[in-house]
Protein chains: 2
Amino acid sequence: MVKNMKNTFDPAKIIQLQAFCAEANTIAVVSHTNPDGDAIGSGLALSAFLRGLGYDVRFFVPNRFPKFLAFIPGSERVEIYAEACESARAYIADADLIVCSDFNQVGRLDKMTDAIEANVIAPRVLIDHHMNPPEYELSFSDTGYSSTAHMVYDLICAWSGPEAVTSEMAVALYVGIVTDTGNLSYGNLTPDLYRAVAGLVEKGVRPVEISKAIFNTQSESRLRMVGYLLSEKMKVDCGLRTAYITLTRAEKTRFNHQIGDTEGIVNMPLTIECVDFSAMFIETLDCIKISFRSQGDFDVNLFAREYFNGGGHKNAAGGRYYGPMGEAVARFEEIVKTVHPEY
Amino acid sequence: MVKNMKNTFDPAKIIQLQAFCAEANTIAVVSHTNPDGDAIGSGLALSAFLRGLGYDVRFFVPNRFPKFLAFIPGSERVEIYAEACESARAYIADADLIVCSDFNQVGRLDKMTDAIEANVIAPRVLIDHHMNPPEYELSFSDTGYSSTAHMVYDLICAWSGPEAVTSEMAVALYVGIVTDTGNLSYGNLTPDLYRAVAGLVEKGVRPVEISKAIFNTQSESRLRMVGYLLSEKMKVDCGLRTAYITLTRAEKTRFNHQIGDTEGIVNMPLTIECVDFSAMFIETLDCIKISFRSQGDFDVNLFAREYFNGGGHKNAAGGRYYGPMGEAVARFEEIVKTVHPEY
C-alpha cells in the first residue's frame, strides 16, 4: 500500500485535489458507458466521500448499469445521462470540477462527451487504472491497480485515513474490486489489494453474500443455455489450442435470452487443459459479434484488430463480422490455422 | 489476526508446543483420508516449518491426494500410508510427537488409525478448524478459521514471526486457504484471512497462476459432461426451490468420466435465482450416491441423515440409496414435497 500510495497518491497531489474541491461549488463525477461494477462502485464511493466532506456532488454515467449492481447502497443516486439528459447536461455544464473515474478515453462517454466538452472551464481530475490516460489538470493514473475502486480506497485513506470509509462506501468499493478481478482470480492481485479488502471487510462488507449477489444469480434458462452451448455448440481443436462457441438468434429466442446472459461464457473453454484461445460468435440483427479471450502470450487485441474490425486488451477483445454466421466461423477457422504457428 | 491469535495461539500454548517439539527426536504430522488442498497445504507447510527448525519430521496421509495438488513445492515429500505402509507404520509407532492436522475424528484416518493408536506414548497435538475436536494433550482448535492453512500461518507467525514463512510454505498455505474457501468465496472470510493472504502474496505467491492450476484445468469431456447435465439432466422446481441432476453409469462412460469429474456440479443449480436446495444423484456399481447442497436455513445434514443414510454439514452433505436411479429420484421428489413447507 505504502509504495502505490507514495507514487500515486502522494501528499502534494492530494493537496492539489483538496484545493480543486475547496474552490468548487459543484462537482460532477463521471464514469464510462456500459458501466460495470468498478465504474459504479468506485464512482459511488468517491461521490459519497466528497459529499460527506460537504461538497455538492452528482455522479453520472452515460447509460444504464446492470440490475445486479442495484443492491449497492446509494445506487439509486447514480444518474443515467441517457434518461435525464437535461438536468445532467445543465449540472455538468456548470460544474466547477469534473472527476473522471475508471476510463481512459472521453470517447467512452457516448453522448455525455458533448456535455463534458461544453464545460471548458472546470478542471478535470482523473482517477483510473487503464493504459493511455488522457492529459488532465490532475491525474491519479496507475495500471498497477487491479481496479479503480482500490484506487479510490487508497485515495480516501490518503486524504482522510481509513476511518473515513463508511460501510456503504466499503460495499461499493468491494464490488468494484471483485468485479474487476473476477472475485480475486485475475488482475494485479497484490498484497496491498488483499489488505484493502481486509480493511473493507472490517467496515462490515460481507463477501459471501456479495459474491453470491454478483456472480451467482442467474435464471434457469440462462444456465440451460450455458449447458447447451458447452455440450452442443462448442468446438475444440486441441492441436490449435483453440475453442469457439456459436449462438444464433433462434437459440437466443429459444432460451429467452436477456441482456447480460452471454457474459462470461467465452471464458469457459479456457478452463480446458488444451485451450488457450477462445472465441464466441453471437448473431445480432446486423452482424456477428465476436468475443475473444486468451491466456498467455497470444494477443487477441491484435487478432481482433487485424481480422475482425475490433480490438481491446491483450487477453480480452471483441470484434464484428458483417455476414452470416457460417462465413464468420469459416473465416475464423482459416485464420487461426495461419496465425497459430506464430504463438 | 490479533484476536484469533490471542485466543488460539496464545504464548503459553506456543511454549507448550515448543517444549513438546524440543523433547521429540521424531515428529509425525498426519492428516485425513482423501486429503484435499487444505490437508496437503497445511500439513506440508507445518512439516517444512518444523523441519526448518531442525526437527526430524515426516508427513503422512492415509491415501493419495488429487493430481492437481502436485504442483505444491515439496508435495513429493507427502507420504501415502496406503502405499508405503511398513516404513510409515514404523516411524509413526516410534514418533515422539504426533501432530494431527485438519481433522476432527481419528476415524478419518482409515488404516493409519491403527498405527497412531499403537503409539501410546507420544503426546498428540491438534491443529484444526472443524467442530467437535478430540481431546488431545495440546489443541489448537478454532472453527472461526476458514482453513487449517490459515491456522498454520498464524501458528508460524506466533512461534517465529512472519519472516519464518518461506515462499514454499506460502504456496502450500495459499492452496489450503483457497481450496477450503472456493477461492475466497465462502467460509469465514475475515479481515485476518485477507491479511494472511496479503502476507503470503508478499512471500511470492502468484494467485492467478495458482487459481488457474487449481480451479481451471479440466478435460474437454468433463466440460461437455457438465454442459450436458445442465441442459438435459437438470430438473428445476422453482416452487419447491429445489433442483437435482442425475448421472448414470452409461453417461459416465460416454463422457470418459474420471475421478473428481463430478466435483462441484451439485453447486451449479444453486446459482439459479429460485433454487436453494440442490441434489446430485450418481449411479455407482452398488448404489446411488447422492450429494446435497443448500444455501440458507435448510439443513441438508439432517435431510441426508433422516432419508438417505448419510450426513455431513448443514449446507453440504451426502447420502446413499440402495436401488435403481428411478426409485431414488422418485423417493427424493416425494420427500421434498413433504419437508419443503418446513423451511
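Contact here means heavy atoms within 4.5 Å. This is a predicted model, in which local features need pLDDT of at least 70 and side-chain atom pairs count only at pLDDT 80 or more, while totals for chains, interfaces and linings use all residues. Residues are numbered from 1 along each chain as its sequence is written, chains are lettered from A in the order in which they are written, and side-chain values use heavy atoms, with hydrogens and water left out.

**Relation of the two chains**

- Chain A is superposed on chain B by a rotation of 180 degrees with 0.0 Å of shift along the axis, at an RMSD of 0.2 Å (least squares on the C-alpha atoms of residues with pLDDT of at least 70 in both copies).
- The two copies are thus related as by a two-fold rotation axis.
- The residue of chain A that comes closest to this axis is A:Gly227, with its C-alpha at 1.8 Å.

**Interface**

- In chain A, 40 residues are in contact with 40 residues of chain B.
- About 3,400 Å² is buried between chain A and chain B, and carbon and sulfur atoms give 60% of this area (buried area is the accessible area, with a 1.4 Å probe, that two parts lose on being put together, summed over both).
- A:Tyr194, A:Arg224 and A:Thr271 supply 18% of the area that chain A buries against chain B, more than any other three residues.

**Helix H2 of chain B**

- Helices (H or I, at least four residues) and strands (E, at least two) are DSSP runs, numbered from the N terminus.
- At the start of H2(B), a side-chain oxygen of B:Asp10 lies within 3.0 Å of the backbone nitrogen of B:Ala12.
- B:Ile14, B:Leu17, B:Phe20 and B:Cys21 of H2(B) are buried (buried means under 20% relative accessible area, exposed over 50%, partly exposed in between; 1.4 Å probe, protein chains only).
- The buried residues fall within an arc of 115 degrees seen down the axis of H2(B), so they line one face of the helix (the arc is that of the directions from the helix axis to the C-beta atoms).
- On the other side of H2(B), B:Pro11, B:Ala12, B:Ile15 and B:Ala22 are exposed.
- The cover over the buried residues of H2(B) includes, among other elements of chain B, strand S1 (26-30), helix H3 (37-52) and helix H6 (148-160).

- A:Asn183 is not a glycine, yet has a positive phi of about 50 degrees.
- A:Asn183 sits in the loop between helix H7 (167-180) and helix H8 (191-202) of chain A, and counts as buried at 8% relative accessibility.
- B:Asn256 also has a positive phi, near 50 degrees.
- B:Asn256 is in the loop between helix H11 (249-254) and strand S9 (277-283) of chain B, and is partly exposed, with a relative accessible area of 48%.

Note on methods: Polar contact = N/O pair within 3.5 Å; in protein donor to acceptor, adjacent residues only side chain to side chain.
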